[in-house]
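Look over the model before reading on.

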Amino acid sequence: MTPAEMEPRIVRYGDLRPCKTAFIDAHTPGSDQKENFTIIGGGVSESPDQHVHIGIPHGFNIGAAGQPPKCRNSLHSHRTAEVFFVLSGRWRFFWGRWGDAGEVVLEEGDIINIPTGIFRGFENIGTDYGMIMAILGGDDAGGGVIWAPQVIEDASDHGLVLGDNGSLYDRKKGQGLPDGVTPMPVLSEEELKTYPEMSPMQVVGMGVRRYWDMVCLAKDAPCKVIGEHGIIRDKPGFEVDLITRTSASEEMHSHERPSVLMPMRGHWRVTWQGGSTTLAPGDTMSVPENLAHSVVPSMTGEASLYNIVGTDDPAGPTWTG
């Protein structure tokens, strides 16, 4: 595979194309400055303006959210895994019907696997623009976002209506619901009872791992962060490893499914038969299935990289086995 053939499978951080109208809260004060990025797969954007960088099915989606300080993503839920790691900034993740069941602050490199079936949101509480990278389970990312009722109601007050076809319509632009499309119904009180109010012990204990702890665990071999035998025990249809300088290997290897490389710190040299490239923090590279390759730091200093590989496990609710 030549470098020219590989290039469409590499998305550089500086080439990411944001969408500022991706979700129903795009006009709601406090959420109206966020940017959504869809890197691999269609993601869960509700806007036709969303650019998809790589459309090749992987069994999971890769995306990102960029937000200035004090900007938040409104309460929503997913049917499949939603995993974030903090690329830059300081972020508060909160959850529950009203967002007050618990919260946790994550720093750069930290990772969170948010349980399915609970309402969650996040906010940049740092002092500068921040970026969190996301992994969503399933090629269809669970079929879209389920919003807390108050989010849909607030959005309507600011001109945005979500149709039952999953698409957004902006009354400020003169858009109305097409024939045959009705507003997305809000969840009933009976339906809301099925969304648990999980405790901080449940969410943090199950799904949060700190960067420097993972670096410690990756001293001699990659740290299995998410997987049946990972430090986060889940089977979301993919596994996540953290690789560091001391656990990286020049040995060529391959996977039966496409894999994704996402540097966290340092620059990484990816070599395959036919070419090589260098990745920097924020870059995303999709390595084709069965392509032998090696991944090692290309210069001195701190170096870490998240590696995501699909599995045979179906995307669905958080595994509790």
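The count of aromatic pairs is nine. Rings of Phe, Tyr and Trp (its six-membered ring) pair if their centres lie within 6.5 Å; planes under 30 degrees apart are stacked, over 60 edge-to-face, the rest tilted. This is a predicted model: local features need pLDDT of at least 70, side-chain atom pairs pLDDT 80 or more, while totals for chains, interfaces and linings use all residues. Residues are numbered from 1 along each chain, and side-chain values use heavy atoms, without hydrogens and water.

**Aromatic rings**
- F84 and F122 pair edge-to-face, 5.0 Å centre to centre with 65° between the planes.
- F84 lies in strand 6 (residues 82-88) and F122 in strand 10 (residues 120-124), so their pair ties together parts 38 residues apart in sequence.
- Strands are DSSP runs of E, at least two residues, numbered from the N terminus.
- F84 is buried at 3% relative accessibility, and F122 is buried at 3%.
- Buried means under 20% relative accessible area, exposed over 50%, partly exposed in between (1.4 Å probe, protein chains only).
- Ring pairs link F84, W91, F93 and F122 into a cluster.

**N113**
- N113 sits in strand 9 (residues 111-114).
- N113 counts as buried, at 0% relative accessibility.
- Beyond its neighbours within four places in sequence, N113 contacts A81, E82, V83, M206, G207, I226, I232 and D234; contact means heavy atoms within 4.5 Å.

Notes
Helix = DSSP H or I, 4+ residues; strand = E, 2+ residues; numbered from the N terminus.
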